[in-house]
Amino acid sequence: MNQAIDVFCHWLTPKYSARLQARARRPMHMLTRALAMPAMVDLEARFRVMDLFPGYTQIPSLASPPLETVGDAAVSLELARIGNNEQAELVARHPDRFNGFVAAVPMNDPDAARAEATRAIQELGAAGIQVFSNVSGSPLDEPRFLDVFRHLHALDRPVWLHPARSMDHADYRTESVSKFDLWWAFGWPYETSVAMGRIVFSNILEECPELRIITHHAGGVVPMLEGRIASGLSLLGTRCPPGMETAVRTSLQRPPIDMFRRFYADTATFGAAGALECALRFFGADQLLFASDMPFDPERGPTYIRSTLEGIAELEVTDHQRQQILSGNARRLCRLAPGPVAFAGSR
């Protein structure tokens, strides 16, 4: 019985992984790290973790790297099609484990991305698509990428927004790398938040009122910075020196804070109760979806599922709101069949 649906968890499927490694134009340490996690690449290992949590199912997505960093547009499309075919096959083979999958698309070829999104959703049954916070360094509010969002709006499926930033993105101009994993610990939430901001000021959310974007890690730092966004960005343009007006030009008419609240967020806070409560206050129970970021935890699987379920159990919400967070919102956004209302927990 499906009682808790993990909407942001990751895997690397066999055929896709093999082709990804063959096509990679340079060594990718994060990929090597991920491939060493049993629950990432071995279904039986994954199922053993899942069995610890009665009623727990998943909507997985392919783990990093972003396809656009592996090769050119043709390579990205090839990998997307292999990955989506294999994900669909595994989901069909194990419907008791997986409620669906999140499709990969080649954002370095937006036309191909739209075509692959259509194929994955309409032919393979994908729940939606995953995009990263930048496309090989380019912002998501470039017109060519906004067309992909418009397409998903027309297809009536959500977009999963995953951060992308690497160690070579230095924190200081005098350095060549980011030290102490700060590019990940602080850089990824920042990446998510900036991508959200660029999407807000592109006005695509106003143009596409039913577009649903699920942000990873509880919406980055946006919920914590509500005050800065609400008051500070209402003064947009006043900090801009003469001659730089194009940097703050937007067609957005509504208060920016209202549009930031249009996003959805997951609960992948690595067990941090305060972050979870902050996301709940900002986005509301109807826009918060259970996710663990499994299997990127110290135990390589169960830690973040367990701690996140415990955190959700402690939230001051009604039973109905709790179940919406655990599974109801995922069912609504991804057009899944109704499920039971019992709470999922660990054994």
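**Labels and their rules**

Me: What makes Arg 97 lie over the face of Phe 47?

Reply: Arg 97 is 4.3 Å from the ring centre of Phe 47. The rule asks for NZ of Lys or CZ of Arg within 6 Å of the ring centre and within 35 degrees of the ring normal.

Me: Which source rules apply here?

Reply: This is a predicted model, where local features need pLDDT of at least 70 and side-chain atom pairs count only at pLDDT 80 or more, while totals for chains, interfaces and linings use all residues. Residues are numbered from 1 along each chain as its sequence is written, and side-chain values use heavy atoms, with hydrogens and water left out.

Me: Why is the pair of Trp 183 and Trp 188 called edge-to-face?

Reply: Rings of Phe, Tyr and Trp (its six-membered ring) pair if their centres lie within 6.5 Å; planes under 30 degrees apart are stacked, over 60 edge-to-face, the rest tilted. Here the centres are 6.4 Å apart and the planes 70°. So the rings pair, and the pair is edge-to-face. The count by this rule is eight aromatic pairs. Ring pairs also link Trp 11, Phe 47 and Phe 98 into a cluster.

Me: How do you know whether Thr 13 is buried or exposed?

Reply: Its relative accessibility is 1%. Buried means under 20% relative accessible area, exposed over 50%, partly exposed in between (1.4 Å probe, protein chains only). Therefore Thr 13 is buried.

Me: What makes Arg 114 and Asp 111 a salt bridge?

Reply: The closest N and O atoms are 2.3 Å apart. The rule is a side-chain nitrogen of Lys or Arg within 4 Å of a carboxyl oxygen of Asp or Glu. So the pair qualifies. The two are three residues apart in helix 6 (residues 110-122), about one helical turn. Helices (H or I, at least four residues) are DSSP runs, numbered from the N terminus. Asp 111 is exposed, at 51%.

Me: Is Glu 116 buried or exposed?

Reply: Glu 116 has a relative accessible area of 1%, so it is buried. Its salt-bridge partner is Arg 119, with N and O atoms 2.9 Å apart. Arg 119 is at 11%, so it is buried too.
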